[in-house]
Amino acid sequence: MPYGFLDIAITPSVRAAQAQMDSEHLWQDFKGHREFNRFTQAEAHFIAQRDSFYMATVSESGWPYVQHRGGPAGFLRVLDEQRLACADFRGNKQYISLGNLAANDRASLFLMDYAGRQRLKIYARVEVVDLANAPDLAAELSHPEYKAKVERAFVFHLEAFDWNCPQHITPRFTLAQIEEGLGAMRDRIVKLEAENTALRVRLEPGEV
């Protein structure tokens, strides 16, 4: 069965490197089951929780450029099984990714969940959309509470995706995740203090 992500990633030079490192046999005749060209509920759920991702494009000179993109959790949306989209918020006005995509619409996305030690990698072709001409998409990507200038939208047409192993991912937590954990701890402390007070009230004087 084809292994979609590696069908794209493995070029003759990659195959040569695998042969040199004696790992070519691992991927030559892959026998497992890999759904790679349609997002499932697992990917949709994972993507909806992300508040950032990394996007790599390639310039006309052949140099790769990796850009960090962030926003409110869920700003990268699954439109359907084969499309993602996000608002392109104004940044430093260098427009390197935008210029690269005008010459080559291929991109590689890397989505990280440091706390859960998971990572999702995606190959896609990118469509740059003027939201003035796409009101329905503009409404779907809208985040009124996020005070950033939206300049356009990127629609990612899925070519292949794959999950990476958790090896070497150091767990890191966002402020919101820390506050959520502390909130549960605080609630537990309040409950224990109330139970302790109730026990003291029931005790006779001199028994405390």
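Predicted model: local features only at pLDDT ≥ 70, side-chain atom pairs only at ≥ 80, totals over all residues.
**The nonpolar cores**

- The largest nonpolar core has 23 residues, and those touching the most other members are Phe53, Leu76, Leu84, Leu109, Leu111, Ile122 and Phe156.
- At least two residues of this core come from each of these elements: helix H4 (41-48), S1, strand S4 (83-89), strand S5 (106-113), strand S6 (118-129) and strand S7 (150-164).
- There is also a second, separate core of 8 residues, with Ala85, Val129, Leu137 and Ala153 among them.
- As general background, nonpolar side chains in soluble globular proteins tend to be buried together.

**A look at Ser52**

- You will find Ser52 in strand S1, which covers residues 52-58.
- Ser52 has a relative accessible area of 19%, so Ser52 counts as buried, because the cut-off for buried is under 20%.
- Apart from residues up to four places away in sequence, Ser52 touches His68, Arg69, Gly70 and Phe75.

- Phe173, Ile178, Leu182, Met185 and Ile189 together make a nonpolar surface patch of about 470 Å².
- One of these patch residues, Ile189, sits in helix H7, which spans residues 175-202.
- Is Ile189 buried or partly exposed? Its relative accessibility is 43%, so Ile189 counts as partly exposed.

Technical notes: Residues numbered from 1 in each chain as written. Heavy atoms only, no water. Helix = DSSP H or I, 4+ residues; strand = E, 2+ residues; numbered from the N terminus. Buried < 20%, exposed > 50% of the residue type's maximum accessible area, 1.4 Å probe, protein only. Contact = heavy atoms within 4.5 Å. Core = buried A, V, L, I, M, F, W, Y, C linked by side-chain atoms within 4.5 Å. Patch = residues over 30% accessible without salt bridge, like charges linked within 9 Å, V, L, I, M, F, W, Y side chains within 5 Å. Areas by Shrake-Rupley, 256 points an atom, 1.4 Å probe, with all protein chains shown as cover. Salt bridge = Lys/Arg side-chain N within 4 Å of Asp/Glu carboxyl O.
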